[in-house]
Amino acid sequence: MMRSRLIAAILSAWVMPGLLHAADEPLSLPTVVERVVSRSPSLRAAQAQVQQAEAGRREASLMRLPLLSARSSFSRGDHPVYVFGSLMEQGRFSASNFAIDALNHPGDLTNIQSALELGVPLFTGFSLSSRIRQAELAEQDARSGESGRALGLRSQVSELFLQILLDDSLLKNLEDRLAASEAEIKDARRLKDRGLVLGSDYYAAESIFGGLHVWRTQVQTDRTTAAARLAELTKKEGWKPAGILTETVYAIPSRTELLNMALARRPELQSAASQVAMAQVGAQQARRTVLPNVQAFAALETNTNDFSSNPSNHLLGVAARVPFGDPAYFARRAAASSGEEVAQRSRESLEESIRMDVRQAYENYQGTLASLPMAKETQERAARSLELFRPLYRSGRQSIIEVLRAEEGLARAEAAYWQTLFRIHTGYVQLLSSAGALDDKAIQEIARHLEVRP
């Protein structure tokens, strides 16, 4: 017993630190995205829709094959025609059944009829081929829906991940500014008590200091909200994102190339194209409803009264049905044509919207890149300004207000710098998402640019 406890203690001391380290290890962007995508109920629903569409396509294809069915019925009655026919089918008709009284007033008769029936479609007026084609298009539509949902999840998770990285950087900078400002405030408080600093200057400086505290609280709230959303999506609490926002210039295609990429890859547009094709097939089939429907059939039938004998008969043939004088034909054609028009115009509207998305994402990304040097220069100038104000304040040539304003100015310049980096990375995410190109490879690329390099 003691030996077992000793072994368990040794194993715990050896294994548990590694487990705790693994639990505390930050998660990379690809890991978080994969975790969300693999656990998303909405994506699993989209995958189930794909499976449903696949089954529908197989069902439509198998309808070309012969259909074998069994039929059985039990009937009892004294209708003269029913009794006369049933006796013949059962093979029990005799000369006595020709008696006038037996013909006019037969007694009750039981007939148990069983049959095997085989039907083979020979020509369905193209309805079967149209149904198969529509089932294939429905499968394509379902797959587009699955791709679109996965694309949306990657974009959503990436932006939340980057939001947390931004908030972490902002919080760190605000903590630095608050720590430095607190030291200055304490010095000013001692000088105020000695009458060397005006009370109005001191209280104005405290107001600026309080504003920095409020700002930190707002950023912390934003981070908590983003982390809560990601925790719900990943089904994992208390983890930290790996990486930091870096100065990155992503290599992107030209705007024309991005537009062509979007028109070829956006799942919504592929789904709309499937909807147009389905509407076209439906309109074409509506015009064909005047065509005949031809089917070959075969039936093997037995009839019996009490199973003492069970004679059989068979029937073979070809049946054709030609719709003639269908009053709903022209209304059906008009409705199908309108459906085709609706699908086509909806696709054109979606294409126009996608073009606008790509153009806007492209211009936003380029504009953010152009603002990076200015944001960086502003940050450096704010830092130099603060360094100049401090010795002037300590020598009595500047007020504590100016120092706190410089601290606040540096905090805002640093925030603008980090927000610019955030917009560069999120702009790239939005640009790829608008082009339908935010795949796993792109997520890996973004993660590499978030790595902290020595």
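Visitor: Is Tyr428 buried or exposed, and at what relative accessibility?

Guide: In general, a residue is called buried under 20% relative accessible area, exposed over 50% and partly exposed in between, with a 1.4 Å probe and protein chains only. Tyr428 has a relative accessibility of 4%, so it counts as buried. Tyr250 is likewise buried, at 3%. This is a predicted model: local features need pLDDT of at least 70, side-chain atom pairs count only at pLDDT 80 or more, and totals for chains, interfaces and linings use all residues. Residues are numbered from 1 along each chain as its sequence is written, and side-chain values use heavy atoms, with hydrogens and water left out.

Visitor: How many aromatic pairs does the structure hold?

Guide: Rings of Phe, Tyr and Trp (its six-membered ring) pair if their centres lie within 6.5 Å; planes under 30 degrees apart are stacked, over 60 edge-to-face, and the rest tilted. The structure holds seven such pairs. In one of them, Tyr250 and Tyr428 have ring centres 3.9 Å apart and planes at 0 degrees, so the pair is stacked. The two residues, 178 apart, link distant parts of the chain: Tyr250 is in the loop between helix H7 (199–234) and helix H8 (255–265), and Tyr428 is in helix H11 (residues 400–434). Another pair is Tyr329 with Phe330, whose centres are 5.1 Å apart and whose planes stand at 75 degrees, so it is edge-to-face. Tyr329 is buried, at 10% relative accessible area, whereas Phe330 is exposed, at 62%. Ring pairs also link Phe84, Phe93 and Phe98 into a cluster.

Visitor: The helices and strands carry numbers. Where does the loop that holds Phe126 lie?

Guide: Helices (H or I, at least four residues) and strands (E, at least two) are DSSP runs, numbered from the N terminus. Phe126 is in the loop between S2 and helix H6 (127–193). Its phi is near 65 degrees, a positive value in a residue other than glycine. Phe126 counts as partly exposed, at 37% relative accessibility. Lys235, in the loop between H7 and H8, also has a positive phi, about 60 degrees, although it is not a glycine.

Visitor: Which charged residue sits over the ring of Phe126?

Guide: A charge sits over a ring if NZ of Lys or CZ of Arg is within 6 Å of the ring centre and within 35 degrees of the ring normal. For Phe126 the residue is Arg288, whose charged end is 4.4 Å from the ring centre. Arg412 lies over the face of Trp215, 4.7 Å from the ring centre.

Visitor: In what sense do strands S1 and S2 pair, and over how many bridges?

Guide: Two strands pair if DSSP finds at least two bridges between them. Strand S1 (residues 67–77) and S2 pair in the antiparallel sense over eleven bridges. Ala70 has Leu116 of S2 as its bridge partner. S2 also runs antiparallel to strand S3 (residues 293–304), joined by eleven bridges, and here Gln113 has Asn303 of S3 as its partner.

Visitor: Which residues form a nonpolar patch on the surface?

Guide: Patches are made of residues with over 30% relative accessible area and no salt bridge; like charges are joined within 9 Å, and nonpolar side chains (Val, Leu, Ile, Met, Phe, Trp, Tyr) within 5 Å. Areas come from the Shrake-Rupley method with a 1.4 Å probe; for residues, only the protein chains shown count as cover. Leu68, Leu116, Leu118 and Leu300 form the patch, with about 360 Å² of accessible area together. Leu116, in strand S2 (residues 109–123), is partly exposed at 44%.

Visitor: How many salt bridges are there?

Guide: A salt bridge is a side-chain nitrogen of Lys or Arg within 4 Å of a carboxyl oxygen of Asp or Glu. The structure holds 25. Among them, Arg265 pairs with Asp439, the closest N and O atoms being 3.8 Å apart. This pair links distant parts of the chain, 174 residues apart: Arg265 is in helix H8, and Asp439 is in the loop between H11 and helix H12 (440–449). Arg345 and Glu341 meet at 3.0 Å, N to O; both lie in helix H10 (residues 329–394), four residues apart, about one turn of the helix. Arg355 and Glu351 form another bridge, with closest N and O atoms 3.4 Å apart. Salt bridges that share partners also join Glu54, Arg57, Glu139 and Arg143 into one network.
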